[in-house]
Amino acid sequence: TGDDALHYGYWPDGKADLSLAQAQHEHSKMLLDYFPPPCKVLDVGCGLGLMSGELYKKGYQVTAIAPSDSLIAYAEEKHPGPAYINCGFLDDSDILQKQGYDVILFQESLQYFPELPPVFQKAKDLLRENGRIILCDEVSYNECTHPRSAVHLATDIERKFLEQGLYVQHHQLIGKQVTPTCEEVLKGFENCKQDMLKAFGQSVAGQIEHTINEWHNLQDWYRKQVLGYEVWVLRPSNLLIKAYQADDEKIIVAEFNRIFSQNRTLNHWRWKYSHNPYGGPFTSIAWDNEQLASHYSAYPLPLTVDGQQNLTFHVGDTFTLPKYRGVGRGKTNLLSRVVRHFHKSWCIGKIDFFYGFNTGKIQKLGKGFLSYVPIMPVYEYTFSSTQLKLNKFSKLKRIMKGYRIELTEQCGNWADSLFEDAKNDYPMLISRDKQYLHWRYDQHPDFNYAYVLLKHWDKVVGWWVIREHENKLLLVDALFLKQYKKQALQIIQEVLSAKPNLIELCGWFADNPHWWLEEILDAGFEQHRQSQKLDMCATFFSTRYQKDDLVNQFYYTMGDSDLF
């Protein structure tokens with residue numbers, strides 16, 4: 001390109017006609033916008049010294065390092081002014097440790113460090129109070145790049161700097177704006193190929209072709225968003241965010257009970273998170289030394305969509321201790337940092353979405369800072385015992401047609417058989433098979449549930465999960481073959497009639513599938529807005545599903561919430 005820039009170009013929107021050299025200048029200009037007024041800067045991996053020299057000309061006091069005599073000698077000659085040092089950033093030398101920097105710049109140098117935690121720890125140690133770290137580099141969005149590239153996964157970068165006590169002040173994804181670099185480099189190789197062969201001989205022909213092929217591959221990865229390019233501005237914090245470690249639940253449960261005046265047990269936490277058959281615990285925690293400051297957890301669930309099973313998460317038990325609620329503002333507040341760690345650790349590239357049920361107050365916070373999207377309001381459906389119109393012949397009539405009710409407190413193999421037959425009647429639902437039901441209801445440490453089975457000629461064609469609460473019979477969960485929807489409502493009314501101490505049936509039901517909700521309304525159930533005005537909310541991590549997919553397909557009941 002005719003100058004000493006060794007980094008990608010940056011083509012701002014509306015400037016597609018820039019040359020590579022001009023785009024490299026735009027890249028440096030973009031980075032300079034993140035620098036405070038002239039101060040003390042450490043340039044890690046300074047290359048040929050161009051950026052360090054530019055910063056020096058603008059009044060910055062610059063220390064620039066590279067582990068190469070020739071690079072340092074060239075930089076000192078061509079871009080004088082900065083203090084150039086031949087050393088590696090993680091060298092044991094105390095040359096840098098006596099310094100203190102307002103800005104530490106990693107411009108396409110992070111990928112040269114195989115292990116990131118010591119890099120972020122040292123960078124944080126070298127910062128002055130209120131200093132910042134500026135990272136800009138290629139990133140990977142798929143582990144398939146690892147055999148052919150040293151570029152780090154974007155999720156790994158974020159997770160590891162959060163764990164070292166750095167948080168994100170600014171973040172920008174610019175993969176689309178740097179992708180033209182690949183085409184420009186390929187043009188350059190094609191234009192210069194003969195000159196290179198003339199200068200170095202035919203022995204380098206294979207190397208040239210290999211390099212051209214690799215740039216074609218790189219270009220393809222960028223276009224498919226397997227690779228990208230990101231910029232972070234990081235600030236230091238005394239709070240470290242880490243994943244769950246053994247026995248953390250003792251502190252989590254104690255603080256949860258103190259904040260919310262609850263009596264949550266360790267058995268409950270371990271049932272939900274540690275003993276979950278689908279994995280876990282999946283928990284991110286902010287620590288102030290030994291003090292828990294903020295916490296975010298979710299438990300995995302099997303999700304079936306159009307008959308195919310994947311995993312999703314249900315979010316629960318989120319809190320920040322009152323004394324830490326003033327840490328950061330907006331997307332830099334402490335809970336946002338913890339949620340960011342959770343997303344990067346277990347969600348991005350791994351699941352399509354997760355969901356939960358939130359009040360309006362939590363939704364406001366979630367929409368603003370935690371990426372929550374309200375999906376649909378939750379409605380309760382109630383049926384009073386005074387509405388019962390059963391007669392003495394109804395039970396006999398049911399029996400004569402081959403229908404039988406059975407109550408049991410344990411799920412059996414019937415659960416798997418029914419789910420296989422019924423799942424195609426429900427476009428999107430948590431997989432209500434034997435493994436799920438056994439964990440969710442049979443092993444629940446706090447509540448006792450019962451199954452009401454509907455059998456037709458001894459084959460289970462549907463079931464309810466019920467629980468008595470005060471004077472209500474809670475319809476916690478249900479799954480029925482579509483052709484038995486009418487009988488499903490009839491048998492639960494029979495169950496209510498056999499319990500004179502109970503005056504009401506109460507359950508949650510989504511709008512999906514429509515045939516199920518229509519039958520509930522036809523049976524005389526009344527619809528009410530849920531008392532806490534809960535909404536189902538979701539956070540999306542892929543483009544496979546969007547809000548409308550959940551609105552139009554997702555089937556949920558009380559049992560899909562951890563509140564019951």
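Guide: In this predicted model, seven strands build an open sheet of mixed pairing, ordered β3-β2-β1-β4-β5-β7-β6. The edges are taken by β3 (83-86) and β6 (166-173); each has a single partner strand, so one side of each lacks a neighbour in the sheet. From one strand to the next, the twist averages 20°.

Within this sheet, strand β1 (residues 40-44) and strand β2 (residues 61-66) run parallel and are joined by five bridges. Val-41 is placed opposite Val-62 of β2. Helix α4 (residues 117-126) packs on the sheet, where it touches β1, β4 (101-107), β5 (127-140), β6 and β7 (227-236). The direction of α4 makes about 150° with that of β5.

The helix pairs may be taken next. Two packed helices are described by the angle between their axes and the distance between the axes. For helix α7 (residues 180-200) and helix α8 (residues 205-223), the axes come within 10 Å and cross at roughly 170°. An angle over 145 degrees counts as roughly antiparallel, and α7 and α8 are therefore roughly antiparallel to each other. On the α7 side the contact includes Cys-182, Val-185, Leu-186, Phe-189 and Lys-193, while α8 contributes, among others, Ile-208, Ile-212, Trp-215 and Tyr-222. The residues of this contact between α7 and α8 comprise twelve nonpolar, three polar and four charged.

Helix α9 (residues 248-260) and helix α10 (residues 266-274) form another pair, packing at an angle of about 120° with their axes 10 Å apart. That angle makes α9 oblique to α10, and the crossing of α9 and α10 is right-handed. Here Glu-249, Lys-250, Ile-252 and Val-253 of α9 meet Leu-266, Trp-269 and Arg-270 of α10. The contact of α9 with α10 divides into four nonpolar residues, no polar ones and three charged.

After α17 comes Gly-524, which has a positive phi, near 105°.

Notes: Residues are numbered from 1 along each chain as its sequence is written. This is a predicted model: local features need pLDDT of at least 70, side-chain atom pairs count only at pLDDT 80 or more; totals for chains, interfaces and linings use all residues. Side-chain values use heavy atoms; hydrogens and water are left out. Axes are lines fitted to C-alpha atoms, for helices over the stretch in contact, and angles run from 0 to 180 degrees between N-to-C directions. Helices (H or I, at least four residues) and strands (E, at least two) are DSSP runs, numbered from the N terminus. Angles under 35 degrees count as roughly parallel, over 145 as roughly antiparallel, 65 to 115 as roughly perpendicular and the rest as oblique. Contact means heavy atoms within 4.5 Å. Ala, Val, Leu, Ile, Met, Phe, Trp, Tyr, Cys and Pro count as nonpolar, Asp, Glu, Lys and Arg as charged, and the others, Gly among them, as polar. Two strands pair if DSSP finds at least two bridges between them. A crossing is left-handed if the near helix is turned anticlockwise from the far one by less than a right angle, and right-handed if clockwise.
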